[in-house]
Amino acid sequence: MSLLLRHIATVALMCLMSMPLSAQVRRMCIENPARNNHMTYVNVYEYDFVDVQPQFPGGERALMNYINETREYPYHAYNNRIQGRVVCSFIVNTDGSIVNVQVIKGVEESLNREAVRVISHMPKWKVGRIGGEVVPVHCILPIAFRR
């Protein structure tokens, strides 16, 4: 019996040691492009807690240029002088693709949809890493709409 308990304790300790300690992680259901976009539960790491943060190709300046060139102000919102900042969250998957785009703080439905469209059509990012291992990373990005 003590041999069985020792084996269980060893396996439990090995499992704990294999878990990354330097990152905030949560289990989320995301689209898996490797499985024809079927939903899969994976550990997703927070942006500020990974060793190498995911990055838009070309860096922050290229990201701002992409947003400014891609964003189209919805006609109805523009004419009614609706403006503000839509805060969205998304996950940079292990292949650099953008999945699970959601509005955290919206302004107006047409602006919210446009922000989701802009983020959803982003090119693949450079992936995030923890200890050399590629991991999915949860990111937050505001999209501003100003007249």
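**View 1. The largest nonpolar core has 26 residues.** Those with the most contacts inside this core are F90, I98, I119, M122, W125 and L141. The model is predicted: local features need pLDDT of at least 70, side-chain atom pairs count only at pLDDT 80 or more, and totals for chains, interfaces and linings use all residues. Residues are numbered from 1 along each chain as its sequence is written, and side-chain values use heavy atoms, without hydrogens and water. A nonpolar core is a set of buried Ala, Val, Leu, Ile, Met, Phe, Trp, Tyr and Cys residues joined through side-chain atoms within 4.5 Å. Buried means under 20% relative accessible area, exposed over 50%, and partly exposed in between (1.4 Å probe, protein chains only).

At least two core residues come from each of helix 2 (60-70), strand 3 (84-92), strand 4 (98-105), helix 4 (109-120) and strand 7 (137-145). Strand 7 gives the most, with 5 residues. Helices (H or I, at least four residues) and strands (E, at least two) are DSSP runs, numbered from the N terminus.

**View 2. I98 and its contacts.** Beyond its neighbours within four places in sequence, I98 touches F90, I91, V92, I119, M122, P123 and W125. Contact means heavy atoms within 4.5 Å.

**View 3. F56 and W125 form an aromatic pair.** The whole structure holds 5 aromatic pairs. In this one the centres are 6.0 Å apart and the planes stand at 90 degrees, an edge-to-face arrangement. Rings of Phe, Tyr and Trp (its six-membered ring) pair if their centres lie within 6.5 Å; planes under 30 degrees apart count as stacked, over 60 as edge-to-face and the rest as tilted. F56 sits in the loop between strand 2 (38-46) and helix 2, and W125 in the loop between helix 4 and strand 5 (128-130), 69 residues apart. Both F56 and W125 are buried. F56, Y66, F90 and W125 form one aromatic cluster.

**View 4. Y73 and Y78 pair, and R147 sits over Y78.** The ring centres of Y73 and Y78 are 5.4 Å apart and their planes are at 80 degrees, so the pair is edge-to-face. Y73 is partly exposed, with a relative accessible area of 22%. Y78 is also partly exposed, at 38%. The charged end of R147 sits over the ring of Y78, 4.2 Å from its centre. A charge sits over a ring if NZ of Lys or CZ of Arg is within 6 Å of the ring centre and within 35 degrees of the ring normal.

**View 5. Helix 2 has a buried face.** Its buried residues are L63, Y66, I67 and T70. Seen down the axis of helix 2, they fall within an arc of 95 degrees, so they line one face. The arc is that of the directions from the helix axis to the C-beta atoms. On the other side, R61 and E69 are exposed. Helix 4 and strand 7 are among the elements that cover the buried residues.

**View 6. Strand 3 pairs with strand 7 and strand 4.** Two strands pair if DSSP finds at least two bridges between them. Strand 3 and strand 7 are antiparallel over 9 bridges, with F90 opposite C139. Strand 3 and strand 4 also run antiparallel, joined by 5 bridges, with C88 opposite V103. These two strands form a hairpin with 5 residues between them. In the turn, G96 has a positive phi of about 90 degrees.
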